Amino acid sequence: MKAEAVEAVIRGLKRAGVSVATYLPDSLLKELYPALDADPDIRTIPVTNEGEGAAIAGGVFLSGKRAVLVMENSGLRAATEHLARLGLGAGIPVVMIMSYRGELGENNWWAIPHGITMEPVLKALRIPYRVVREEEAIEQSIVDAYDWSYNAYYHSAVALGGSVVR
């Protein structure tokens, strides 16, 4: 991930009022995690699985603050039950920033299923999302996701793909 993209993510999170970032590291976003950890305005909470991250982000919402769940798109499948209960069951929004593994151009055979399943899973959970492949669109996409989620009381996602993460 390019330094400019990392900076755009941080700017977007700050503009959206995010004070907590929960994450399960992945290689496509590996430059983002130390930047989040180093930012004095964002508390980071590394997690052992993505469902745990969704639950923490939901709890942060209940405290009146804003959180983000950062993960590889494969984590969407792991967090599905938590997201369904939080969003469909309780109206507790979780905003996700995901790397888009498995999209066209992927060169790792094991990542192809992540790309095949991401969009159908998002649609099944009725989660609106935006795939961002241009650095210039990152910051506003994050702000848009928070505006939507915190007005709708439901999840949204920003998937970072293409040259943004490769």
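What pattern does the protein chain follow when read along the sequence? The answer is α-β-α-β-α-β-α-β-α-β-α-β, and the views below take a closer look.

This is a predicted model, in which local features need pLDDT of at least 70, side-chain atom pairs count only at pLDDT 80 or more, and totals for chains, interfaces and linings use all residues. Residues are numbered from 1 along each chain as its sequence is written, and side-chain values use heavy atoms, with hydrogens and water left out.

**View 1. The whole chain, with six helices and six strands.** Helices (H or I, at least four residues) and strands (E, at least two) are DSSP runs, numbered from the N terminus.

**View 2. The open sheet of six strands, in the order 2-1-3-4-6-5 with parallel pairing.** Two strands pair if DSSP finds at least two bridges between them. Strand 2 (43-46) and strand 5 (129-132) stand at the edges with a single partner strand each, so one side of each has no neighbour in the sheet. Further in, strand 1 (residues 18-23) pairs with strand 3 (residues 66-72) over five bridges, and here Val-18 stands opposite Arg-66.

**View 3. Helix 3 (residues 50-62) against helix 4.** Their axes, lines fitted to C-alpha atoms over the stretch in contact, with angles from 0 to 180 degrees between N-to-C directions, come within 7 Å and cross at roughly 35°. The contact residues divide into six nonpolar, three polar and one charged; here Ala, Val, Leu, Ile, Met, Phe, Trp, Tyr, Cys and Pro count as nonpolar, Asp, Glu, Lys and Arg as charged, and the others, Gly among them, as polar.

**View 4. Val-131 in strand 5.** Look for its neighbours Tyr-100 and Ala-159, which Val-131 touches when residues up to four places away in sequence are not counted. Val-131 counts as partly exposed because its relative accessibility is 23%, in between the buried limit and the 50% above which a residue is exposed. Glu-7 lies 124 residues from Val-131 in sequence and 18 Å away in space, C-alpha to C-alpha.

Note on methods. Buried means under 20% relative accessible area, exposed over 50%, partly exposed in between (1.4 Å probe, protein chains only). Contact means heavy atoms within 4.5 Å.
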